[in-house]
Amino acid sequence: MITLDAILATAQDSQTRKPLCRILSKENAASIPFDGAFLNNSSAINEQHPTAVVHSTGRLFVAFMVGPSAGNYTIRYGYTDTDQTYYTYVDFALSAARVGGEVTVCEMADGNVGLIWTETYAGTRTIKYRTITVTGTDLDPAVTGTILTNNTTDFFAGPTVAKLADDSYLMIYGAMDGANYNLYYRTSADFVTWAAAVAVDLSTLTATKRKANPALLVLATGDVWLLFDYLEATGPNAEELTNIYYVPSSDNMATNAAAVALTAYTDYAEVAEHPAAVQTAAGTIYLAFNRVMASLHMDQSTTGWSGASSPISNMHIDVAAQKLYVVSSAMGAGNKTFYSIEKIDLATWTIDKAWSTATVPAFSSYFVDSGNTWWDSYHGDGVYVPVGNSNGIIAVLNTQSDTITNYAFYDFAAYGISKNVTWTPITRAGWEHITGMTLSKVWIDAATNRMYVALTRSYIYNTALQIGYIDLTAAGPSYTFTNVVTESGTISEAELYGFSSGNGFMEVNASADLIIVGMEGVASTWVGGLRIYSLSAGGLWKCYKTSTNPTFPYRGLKRAVYDNGLIVGTFTYEPLYGQADYRGLCTIDTASDVITYDRPSWATVDNYQLKNISLAETGEYVITAGTYGVTHFNGATWTLYNSTTVTGLVPSSADNFANPILYNSTTDMVIAGSGAGGSAFNGLLMFSLDGYIKQSTYSIGTYGTGWTWSATAPLVEGFTDYDAALCIDSGGLYAFWVNKAAAELSIKWDKDVLSVNLSAYLLRGVPVERSSTIDPTTGTWDAELTFSCSHGHLFDTSNNLSLIRQYLAKGRKLEQSFGENIGGVEYWEPAQIFTISDDPELDYRRGDYPVVRVAAETPRRRWEQIHIIASEYYNNTPEVIIADLLTTHANIDADDISLGTWANSATIEYQFVDVYLADAIDMIALHFGYAIRDGANGTIEAVKITDAGTATRTYTDNTKLFKATPRNKYSNFTNRWIVECEENTFIELLMQEELAAELNASHRWNTGKKTYRVQYPDGKVYRNPRLEVVDSVESLGFKLAGGCDEKLEDNSHNEVDQSLWDTYCEVEVDSPDLTPYMIAGLAMLPATAIIGDHVVVGGFVASAGWTRPVGTLITSLGIMVCLNVLAATGNFYYRIHGQPVVKVRRTVQAVVDDLDLQTQMGGQIVPASPYTDVFCSSMADCQAVANYLKMVGMGERKRWEAEMVADLHNETGDTITVVHPHSNQTITVFLTDIKTTFLMPKIGDDDGIFSQTFEGWRR
Amino acid sequence: MNLTDGVTSYDFTLLPHKMTMLRAKKTCAVKQTYTSVAYFSWGTSLVGETIVLSWNAMPAAMWKQLDAFYAADKALVWDPTLTEIPATTKYNVIMTELEGEYLLGGYDEALATSYRGDAIMALLITGVVT
């Protein structure tokens, strides 16, 4: 039962009601930092210099400069209605060819609006004014003119304008007086005539230091604050250290206090500029300013980084989602060990998630133990992140499904990874016995879901390059590798080596239908090559080498990008072979085969250390340049970025850029890995090609004995979002700022609004319906809210002119309450929380007023979409397990979970695998007879499903009853329930013998006795292994030497580690060691050399006659022995059979009967399907669940439905008593369904109601 | 009596000869229960009501201005003063209807003797000016 305010509770008994309904729209998270919405989605014309004010009528007005458009600029003035629901724009075009600058506005004393702006033309800067109505209409006659002019070569800052407490106007701007930088103020009583400029007293600051970007704040007391940024110091490379200062004045700037610093940046890596401020309360000021940073950094010390180290070896951007995926692996000497993958949100520069060998899901430890995960070799795309290993395995992380799939070209049995790629290594005729290949490059094309893999063999007699693809959508368990390129014996081993081990590159360019393979000549006199294949046909289209094109770099290209017919790449400087003048960047025109070179202008050296390259825009490239830094080349101009040119770019000034580099075209940012083994900084950098990152930041000033300022925090999410203007009204803080995307400047806006009350928009004559339901058969609780709103066009999420379009957008949080007006005071029940299911839909049709029908759902419905791959192994009570599941997988704060202690709580053991969160929660809840609901104020609660509950609400008459219906619509004739489970403990079963493993090998003449350990595959366990000798090792030589012995030894039980028992056996193969025979044979050869030939005549040795070559004969005998020994090689092939050992748990069950119904049905038993409960482990457990199912089955046969005057006490899971309308007997009802309807009639109609329809089990 | 759109403020040169009473109406409902009755009330309100003002004859110049408001279709602020005593409350309104017929002076909109006959203006009250 819901606990109500005492007065509201009493009112529930009354027949006279004044019902209320309140629906608040809220953000799911804090509004700040703002994500923002564009004022104009479609315009590609720059918008900048926003300024905004809330008018005394309640209207919001904003102005900014738009242009150039066809060379011209326009001041765009926008205003809202007094309810601030939609924008209307009015344009004030500047005269032709005038370049618009800063814009500033204020509300004038008469309610009109004063505009001041700068424009430049033909070397003259003009500061102009204009007075308009708040709705953007020129006065009659128009009031506009010039305040001042100066030379565009003169320094100028601002202007800014404000209405003072005495209804006069104050304008501030910055200009120079000789060598001194001043801020000047001018005053006006009518916005037309402006007094002479007077310099603000800034004598406590250095006169020759720049003061710029003035902003005015008029406090409620009438005091004036002048804010500005002040150039504290200038570095040796013209870098600037600026901070925000302000000077207060209590006499409209006639005099002012000394300047006070509001920020305290001390070095050039991060500075502050462009202040703006607004007073939100008597003692509260919001200060916004641009935080200007050299770069953003990230390494293993960053919160959320998974790896123990952070060298960046491979990375890619999911452009659509603006997520960066970084692969970190060792880049120093030794194995290139895989560390981790980090998923980085580029909008906030925070780590969303990380994967390693220790996460869920996890990468195989093979990537740490063996082989190499090379740099610049595995190209991800979209949601796919490949991690390759040179030994022939690729683990592909699908970040959308959060799964890791291994694609193994070979067996890695020790790591439980079997070869699952169906492929045939290419090989040269006659060298079929050499098939091993190295995995060299991977390139994923997300658009086609293909993973292209390049494998190489650099063995001199059997070189090969094999490129093919695997369909990433294939279900497995085996994956087909489709060949695209096969070259055998046509590429030198030096080139192939220069395509593996982190050397060379591969680009698969689907739009150009090309596979580009770059091979480096990495040592000695090795030459490099560039081969270009047709992606669709696989044929070789181009091959560049110095032998055929002497202008091609001798050692090939290190890295390159394909750019509209050009291949632009880096290469190793080569002083010999006539190439001494080839320096910098190489460009190959594939149409003409002309090769050209561009030499960076920022140094005069031979080796510019250019390596990794990324295409910025067409014809523009960002390139790593080793210890020089990062360089940008636009086809004409070279720009260098390093710790010298952009102070603070790299922590510890450790410029070392040899890692991957990317260009994010969405934000115009460069992302580069920096450092390797031994560097002072190993990690990731993001910086702007503009030199610095700018982000609007804020600090809150609070007045006590003086002003104190909170720590600064981002005001907006982006890093190219700056120049914020602030204004405030009773509803919250508005911010307007400039968003820079590539070269385009746009205005974004947002509002910090805690909640918006939608009650005024609720349609009369259309009900607000809130319902909740418990499904006792599944333990699922659900709730939803439906209502309709007026002003549908303003809640239309596609209407960019609306300020309230996001308040009913999909995913928005709603807090809904019913209440009563009692004696003129509004009383409310605790709020129920909902989430809007979909963007509201409406029809625009002439003659129809646009209304929106809104459907919202309980937040727990989202649990149905949260997939759990594997939870931890639980051994705890249901309350603890459910709380952990919710906090771990739904990111719900533990403070928002209040499950209490369940009546039948007991420890259960389980690990959830491949299940949705809602199903996991409901499985547990159902086992214990509970349902989990979103309770009042969003607290997650448990409710007991029972037909024996104590009544929480008693109705002693039918004065509130509109209608009552006994029913049993969900019932059936089931009268027996069976629950099954498996016991906790395992028993072992020995299965029928089967083939467990195979073994084949060769024994040479000197192998002798050898023992082979045979590991049973796939972690299987076998008992009683038996050896079947299909091919014996015995050969003729071995047989002559005494024969062989082959036997199996089942000795795994000798292992101390019992987990190894029956996982392997050993086969002892004993072939004779023929070494003595060999030695004897060999010894005979020299020994017989000294035995001379005898001349025999008539059987006697003589001095003349037939020669008998005794020595030679014995030598021949020795040779024969040796050859026989050498030929005595035996190949064997064994099969090992064994009985698989299977561990099973015994199944038990419990049965419960509804004997009354069985009797009623004439003894017919109608059993339900046996129900298997994974949490039961004994018959007693099953009995409890069976009893619950019986209760549900019987309860469904006795339902009671009624409609009555709404009682805000009631909620699903309550037990109430009502009176039977006819018999007047008491009926007790367990509430499974409640729908509360609030219908406020249209004016003049009388069909309103505030009612509750409920259903439940009666008894 | 006055209508303004924030830019143009117009004092009626002729008050209507008839006008809907400015009186908040009650929104309520009654529903019989099994043994009693339930009464639901949402109080009284002027917001949402349409006020109809009618003139037997209206000066053409006045019609011209009201027609300009009608055509602009913008939110207006209405001061419903009917006597010398100013109204204590002003209302945010939208002019939903303006009907009439040529009476005297034909199409002429400036001639002092030009009139529109049987003019009716309907104002939807959308809020109370605070």
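The structure is a predicted model in which local features need pLDDT of at least 70 and side-chain atom pairs count only at pLDDT 80 or more, while totals for chains, interfaces and linings use all residues. Residues are numbered from 1 along each chain as its sequence is written, and side-chain values use heavy atoms, with hydrogens and water left out.

Chain A holds eleven helices and 87 strands, where helices (H or I, at least four residues) and strands (E, at least two) are DSSP runs numbered from the N terminus. Its C-alpha trace spans about 150 × 105 × 60 Å along the principal axes. Of the 1259 residues in chain A, 54% are buried, a term for under 20% relative accessible area with a 1.4 Å probe and protein chains only. Among contacts (heavy atoms within 4.5 Å) with a separation of 6 or more, 60% join residues 24 or more positions apart.

Within this chain, A:T1232 belongs to strand β86, which covers residues 1226-1239. Is A:T1232 buried or exposed? A:T1232 counts as buried because its relative accessibility is 0%. Leaving aside neighbours within four places in sequence, A:T1232 is in contact with A:S772, A:T773, A:I774 and A:P776, with A:R1199 and A:T1212, and with A:E1255, A:G1256 and A:W1257. The side chain of A:T1232 also makes a polar contact with the side chain of A:D1233 at 2.6 Å; such a contact is a pair of N or O atoms within 3.5 Å, of which, within protein, one must be able to donate a hydrogen and the other to accept it, and residues adjacent in sequence count only if both atoms are side-chain atoms.

Terms used
Chains lettered and ligands numbered in written order. Buried < 20%, exposed > 50% of the residue type's maximum accessible area, 1.4 Å probe, protein only.
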